[in-house]
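Look at the structure first, then read on.

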Amino acid sequence: MIETLAPAIPSTGLGGDDSAQDDNPSIIDVTINERVFGIRAADIDTQRNSASMLISKMYAWRGYSGNHQIGNDPNRITLTASDRGQVFGTLSLGLDSDIGLLADQVFADYIDTQRGTGKVCEIIKLAVDPAIKSKAVLASLFHVALIYARDLNHCSHIFIEVNPRHRRFYEAMLGFQTVCESRPNPRVQAPAVLLSAATAFGTEQVAKWGGMQDKAVGERSLFPWFFSQREEAGIINRLRALG
């Protein structure tokens, strides 16, 4: 279950030390109002723990139960947005495998249908400190996740489980479509709907809006805050070089 929309609360002040960040360089640095934050793959324990603390804090504040610890799972890629060692945004990309996706617990019938047409993945464990009021943070995390899904793992569709009251946000801001109405989700003891988006749709939106930001008059989605096609190509080359 994923939650991002919440009233502002004090900043969590979470994160590892700067030396841990230096051992794991940014995939890309983003400058917003003279503040620079880095998007990283959380592949060391310090960063995974920081991301877990942020998720647990945000989910507990929302009243959701469950285990939100991020482990060292080869089928999951955890991304963080951080500044000077403070993690204030995170999401994980779950890749399909022999054990399936987390969303299979509730929505296996719908996901199996999509498996027949291509490789699938899911966005899970998304949390952004609402004290960080920047569309660029969420857009950057989703764009790098799109690159991992589409270019490095050849996925055709991305699933996401959300609380029914938040699905309009994901539909309007990121182009997800509802593929199954509300069902009980025992992992968080709350209802969930299943949404899906084709990676090809993300490609089209990046080509149309990526890097436009304030120039995209009348466009309300997050896609103008995605990276430009040139920046995207640089990220793809960097990730492939890193292996």
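Q: In strand 3, which residue is the bridge partner of isoleucine 39?
A: The model is predicted. Strand 2 and strand 3 run antiparallel, joined by four bridges. In strand 3, isoleucine 39 has as its bridge partner alanine 81.

Q: Which residue in strand 4 does alanine 81 stand opposite?
A: Strand 3 covers residues 76-83 and strand 4 covers residues 86-95. They pair in the antiparallel sense over eight bridges. Serine 82 faces valine 87 of strand 4. Alanine 81 stands opposite glycine 89.

Q: Which residue in the turn between strand 3 and strand 4 has a positive phi?
A: The two strands form a hairpin. Two residues lie between them. The one with a positive phi, about 50 degrees, is arginine 84.

Q: How many of the eight residues of strand 3 are buried?
A: Buried here means under 20% relative accessible area. Strand 3 is largely enclosed by the rest of the structure, because its buried residues number seven of the eight.

Q: Which residue in the hairpin of strand 1 and strand 2 takes a positive phi?
A: Strand 1 (residues 28-32) and strand 2 (residues 35-41) run antiparallel, with five bridges. Aspartate 29 stands opposite glycine 38 in strand 2. Two residues sit between the strands. The positive phi, near 50 degrees, belongs to asparagine 33.

Q: Is the crossing of helix 4 and helix 6 left-handed or right-handed?
A: Helix 4 (residues 135-152) and helix 6 (residues 199-209) pack at about 130 degrees, with axes 10 Å apart. That angle makes helix 4 oblique to helix 6. The crossing is left-handed.

Q: How many charged residues does the contact of helix 4 with helix 6 have?
A: From helix 4 come His143, Leu146, Ala149 and Arg150. They meet Thr199, Gly202, Thr203 and Val206 in helix 6. By class, three residues are nonpolar and four are polar, and the number charged is one.

Technical notes
Residues numbered from 1 in each chain as written. Predicted model: local features only at pLDDT ≥ 70, side-chain atom pairs only at ≥ 80, totals over all residues. Heavy atoms only, no water. Axes fitted to C-alpha atoms, helices over the stretch in contact; angles between N-to-C directions. Parallel < 35°, antiparallel > 145°, perpendicular 65-115°, else oblique. Left-handed = near helix turned anticlockwise from the far one by under 90°. Contact = heavy atoms within 4.5 Å. Nonpolar A, V, L, I, M, F, W, Y, C, P; charged D, E, K, R; others polar. Pairing = 2+ DSSP bridges. Buried < 20%, exposed > 50% of the residue type's maximum accessible area, 1.4 Å probe, protein only.
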